[in-house]
Every structure is written in structure tokens, then in C-alpha cells.
Amino acid sequence: MSQSFKDAPQNAITSSRIARVIPCKQLSLSDPIAWLKLGFQDAMRAPILTLVFGVFFAAIPWFITYLVKLTGWHLVIMPAIVCFMLIGPFLAAGLYDISWELEKGHKPSLWHSIKAVKRNAVNEWGLGILLMVLMIFWLRIASLIHALYPPYLDENYANLLPFLALGGVIGAGFTLLVFFLSAFTQPILMERKVDLATAVLSSMNTVWSNKVPMLFWASIIFMAVLIGFATQFFGFIILMPIIGYATWHGYIDSIEVKRKRLYA
């Protein structure tokens, strides 16, 4: 598992003086796997709540697919996937609360998880607005890419491939940006009475100071999303709650805290 740095990393984030940066720990490449194991354990300890949140997460892409079929605009698929990945961290607040309650030895409940969003409401809504702005910005870029598509070409795979590739590259860039900004921002806001800038900078510092393990963690999340889409979103019913629980354990393992860990 993680360990404290002998010397706190110094970088542009910690030296920015924009806000306080909560110190992070030094992670190893195997830590994300440990987070997944702990997340799976939480899913087994709260199966009903896990299923409820899993169905909710699966319903989002089902609704997106319905909109695609309704509008007939197939190029909306790529930005819709990115939008789902943008909004996902904000919606996972209830899952973080379940893991937190289990960690404290309490029995989690759906109502307690719903109220978790209001625990640091102003800054949590600020995070939601930040993610929404990024989502809208990506949608505008996606619209521009769509506008560049020649109207005289048939909408077949060969003709769509260059535009899908361009959209995929830009979408991947936005996804990495969002991960960099919000990897642990929401858990920080839930557990601590801090402002949004402190939470965002602390999350950024953790990712920047542990690039390889955090990129590995990002790739695990990306693979979970791919599996979910490959299984017509049924995979999200199980995978997204586990990712949410694991993210909470990743936060507790990555950010310096005064309290002792309640699990091995």
C-alpha cells in the first residue's frame, strides 16, 4: 500500500499559492489493484445498495442510446460517452458515502447516501458546474467536427472513420484533463470542509506526483467503461459501483489523513 513521501514533492501545483494543497502519499503500481479488491468487498457487504446504484449508472447510457436512436445523429455517440465519463464522478458521491459508512462500521442506507451530496453542497455544486462547463465545451468541439463532415459523403464506416478518430483523440484529451482535475476531488469535498480550489489542487497534486500508478488507475476505469459498453451497459450494474467504492479507498490511500485506516 501507499507510504508517506520522505520529502514532500515540490511542483507548480504545490507552489501556486492559489489554495492549500493537502499532502499526498507515494503510491505503487499495485495500489489500484488493492483498491479494486476493497471496492469488491464493499459491494459484497452492501449488495442491495450496490445494485440500486448500478442500475442507475446503467440507465444513463441506456437513455443516451435512446436519444441517439431518436435523433438519428450517430456522431453524438462519442461526445455522449465523454459526457458520461465527465458526469460520472459527480454521481458517484453516493457510492463514496457507502464505503465511508462501511469503513466507520456503520450500516449504510440509500437516504444517507443521497444526503451525502449536500455535505459540502456549495463546493460540490461548484464541481458539478466545472464538469458541466467542460462537457459543454467538448460538445461544441464535437459540433464543429460534425460541421466539417462533407454533406455529399455517405455515412459509412470508411467515411466516418477520420472524423471518429479525430473526435476520439480530442475526447481522450478531455477525459485525461477531467481525470487530472477530479480524480479524488469529490471524496475530498465529501470528507473535509474545504473549498473547491483546495480539493481540485490536492487531486491534481496526487495525480501529478504519482503519474504511473494514477495512469494505471485511469486505464482501469477506461477498461471498465469499455466493458460496460461492450455488454450493452449491463456491465455498468456491477462495474461502476465497484469503481466508485475503489475510488474512495484510493482517496484514503493516496491523501494524507490524520485518522488511522480502519481496514488493512
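Biologist: How far apart are the end C-alpha atoms over residues 214-243, and what are the helix and strand percentages?
Modeller: This is a predicted model. Over residues 214-243 the end C-alpha atoms lie 14 Å apart. The chain there is 83% helix and 0% strand.

Biologist: And what about residues 46-67?
Modeller: That span is 95% helix and 0% strand. Its end C-alpha atoms are 32 Å apart.

Biologist: Which residues does the UniProt annotation "transmembrane region" cover?
Modeller: The entry, which is unreviewed, lists 46-67, 73-96, 125-149, 161-184 and 214-243.

Biologist: Switching to rings. How many aromatic pairs does the structure hold?
Modeller: Eleven. One of them is Phe 233 with Phe 236, and that pair is stacked. The centres are 6.2 Å apart, with 5° between the planes.

Biologist: Why is that pair called stacked?
Modeller: Because planes under 30 degrees apart count as stacked, and here the angle is 5°.

Biologist: Are Phe 233 and Phe 236 buried or exposed?
Modeller: Both are buried.

Biologist: Which residues do ring pairs link into a cluster?
Modeller: Trp 35, Phe 184 and Trp 217.

Biologist: Which charged ends sit over Trp rings?
Modeller: Lys 104 has its charged end over the ring of Trp 100, 4.3 Å from the centre. The charged end of Lys 211 is placed over the Trp 208 ring, 4.2 Å from that centre.

Biologist: New topic. Where does Asn 120 lie?
Modeller: In the loop between helix H5 (110-115) and helix H6 (121-147).

Biologist: Buried or exposed, and why?
Modeller: Asn 120 is buried, because its relative accessible area is 9% and the cut-off is under 20%.

Biologist: What does Asn 120 touch?
Modeller: Leaving out residues up to four places away in sequence, Asn 120 touches Leu 189, Arg 192, Lys 193 and Val 194. For Arg 192 there is a distance to quote: its backbone oxygen is 3.3 Å from a polar atom of the Asn 120 side chain.

Biologist: Now His 249. Which helix is it found in?
Modeller: Helix H11, residues 236-254.

Biologist: Is His 249 buried or exposed?
Modeller: His 249 counts as buried, because its relative accessibility is 3%.

Biologist: Which side chain does a polar contact join to that of His 249?
Modeller: Asp 42, at 2.6 Å.

Biologist: And how far is the C-alpha atom of His 249 from that of Asp 31?
Modeller: The two C-alpha atoms are 10.0 Å apart. Along the chain, His 249 and Asp 31 are separated by 218 residues.

Terms used
Residues are numbered from 1 along each chain as its sequence is written. This is a predicted model: local features need pLDDT of at least 70, side-chain atom pairs count only at pLDDT 80 or more; totals for chains, interfaces and linings use all residues. Side-chain values use heavy atoms; hydrogens and water are left out. UniProt positions are given in the numbering used here, feature names are shortened, and annotations may be inferred rather than shown by experiment. Helices (H or I, at least four residues) and strands (E, at least two) are DSSP runs, numbered from the N terminus. Rings of Phe, Tyr and Trp (its six-membered ring) pair if their centres lie within 6.5 Å; planes under 30 degrees apart count as stacked, over 60 as edge-to-face and the rest as tilted. Buried means under 20% relative accessible area, exposed over 50%, partly exposed in between (1.4 Å probe, protein chains only). A charge sits over a ring if NZ of Lys or CZ of Arg is within 6 Å of the ring centre and within 35 degrees of the ring normal. A polar contact is a pair of N or O atoms within 3.5 Å; within protein, one must be able to donate a hydrogen and the other to accept it, and residues adjacent in sequence count only if both atoms are side-chain atoms. Contact means heavy atoms within 4.5 Å.
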